[in-house]
Amino acid sequence: MSEAGMLHPEIERLDRDDILEIQRDKLVRLGKRLAGSLEWSAHFRAHGMNPRDLGDPQGFAAAPMLTAGDLEARAPFPMLTAQPHQVARFFAAFGGAGAPVLSGYTERDHDRTLARQMARLLHCVGVRPGDRAYQGYGYALDIEGAAFDAGFRALGATVFPVGPGREDLAAQWMRDLEWTVAALPLAGLSDLIRTARRQGVDPGRDWRLRRTLSVLEAGAVPDRDDFLEALPAGFAAHAVWGRTELGGPVLTVACPHARSEGEMHLFNEDSIVTEILTPDGRTPAGPGEEGELVVTTLDKEASPLVRFRTGALARLSDRPFDCACGRIGMPLVRIAVGAAQRNCP
């Protein structure tokens, strides 16, 4: 199934030029598809362009950007490229005014694209078929719970969809059901550790937990010493980051090598174009430079995005294409945690 910890070695082992070739081919197809949308055509026309211009590298670099405010202004179904009855699920992010911004997912978007993206992230950090997965994020308008659920199932893990707010039960089941991996906020992990101790359970001795995955947020440090001391030997906490509009927490994760350096891979670059642009909004950030994450979704059938300004800041690694894990086509970055918190769904 895997090579050197890779679920999709045919993609994960590609160099940057090969990744860019995949992106260019998909941008051509995306431009043709968006040209059939009245809303997208009007969006490009207002900037003197046509969606088909995305197929040219210079055209893509000049393409208009989108903001969360732009999507809010186009409610209720902003930039939707499928009829509402063709959408299997709607999720929502919450914009600056507090209004939910709906993002549509066809059956393919949810069951194939999202599941594949999440499975790749999870496999990278060591999740394997047969793992028993506690899914501690909520199942509501936000996408995190559904995204982790889809990824775990795609990998062949057994999912226990407990969600948040059931610490007494979760702490007990962590021991009794021998969960090996968990998706939950780091604050939730702290609560579980405290709850287990109140129940007379020693997490380090009585739990089988090997990995946790948490959506990156301010104040959450994935390798805090108190977690490492309290949990079984070999335990590791991993951060992921993304947004509901992009398909969920699918943008970044750290392989074991990058994690030791405090960096994360842009991990699904065969289906997402990620730009890191300096404050002028026009210049790509170079190695060691900080810029805003601007994202284009390549495979999303419903509610695709072109050059969406996430508002999150990232710093490109000094050596972005030189990771010992072999994923040399997936750049290494550091996410500015405060910005990530303000913009996570």
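Contact here means heavy atoms within 4.5 Å. Leaving out residues up to four places away in sequence, leucine 251 touches Trp241, Gly242, Leu246, His265, Leu266, Phe267, Asn268, Ile272, Thr274, Leu293 and Val295.

Some ground rules. This is a predicted model, where local features need pLDDT of at least 70, side-chain atom pairs count only at pLDDT 80 or more, and totals for chains, interfaces and linings use all residues. Residues are numbered from 1 along each chain as its sequence is written, and side-chain values use heavy atoms, with hydrogens and water left out.

Now the core. A nonpolar core is a set of buried Ala, Val, Leu, Ile, Met, Phe, Trp, Tyr and Cys residues joined through side-chain atoms within 4.5 Å. Buried means under 20% relative accessible area, exposed means over 50%, and partly exposed is in between, with a 1.4 Å probe and protein chains only. The largest core has 74 residues. Leu251 is among those with the most contacts inside it, along with Leu54, Val127, Phe148, Phe152, Leu213 and Leu293. Which helix gives the most to this core? Helix H6, residues 107-124, with six residues. Helices (H or I, at least four residues) and strands (E, at least two) are DSSP runs, numbered from the N terminus. Apart from this core lies another, of 20 residues, including Met174, Ala182, Leu186 and Leu192. As a general point, nonpolar side chains in soluble globular proteins tend to be buried together.

Next, strand S12, residues 308-316. Its covered face holds Phe308, Thr310, Ala312, Ala314 and Leu316. Its uncovered face holds Arg309, Gly311, Leu313 and Arg315. In a regular strand the side chains alternate between the two faces of the sheet. Which strands pair with S12? Two strands pair if DSSP finds at least two bridges between them. Strand S11, residues 290-297, pairs with S12 in the antiparallel sense over five bridges. There, glutamate 292 stands opposite leucine 313. Strand S13, residues 332-335, also runs antiparallel to S12, joined by three bridges. In that pairing, leucine 316 stands opposite valine 333.

Look at one residue of S12, alanine 314. Is alanine 314 buried or exposed? Alanine 314 counts as buried because its relative accessibility is 0%. Beyond its neighbours within four places in sequence, alanine 314 contacts Ile276, Glu289, Glu290, Gly291, Leu293, Val333, Arg334, Ile335 and Ala336.

Compare threonine 278, in the loop between S10 and S11. Threonine 278 has 14% relative accessibility, so it counts as buried. With neighbours within four places set aside, threonine 278 contacts Thr283, Pro284, Ala285, Glu289, Glu290 and Gly291.

A cavity is a set of points where a 1.4 Å probe fits but cannot get out. A pocket is an open set with protein on both sides within 12 Å along at least five of seven lines. Lining residues have an atom within 4 Å of a point. Grid points are joined across faces, edges and corners, and a volume is the space filled by probe spheres set on the points.

How many cavities of 30 Å³ or more are there? Three, from a search of the whole structure.

Last, the pockets. The largest holds about 600 Å³ of space. It is lined by 24 residues, and Arg16, Leu20, Val273, Thr274 and Glu275 lie nearest its centre. Its lining has 15 nonpolar, three polar and six charged residues.

The second largest pocket has a volume of about 350 Å³. Of its 17 lining residues, Lys26, Arg108, Thr113, Leu298 and Asp299 are the closest to the centre. H6 gives the most here, with six residues. By class, this lining has two nonpolar, four polar and eleven charged residues.

Methods. 1 Å grid on protein atoms, 1.4 Å probe; cavity = no way out; pocket = protein on both sides within 12 Å on 5 of 7 lines; lining within 4 Å. Nonpolar A, V, L, I, M, F, W, Y, C, P; charged D, E, K, R; others polar.
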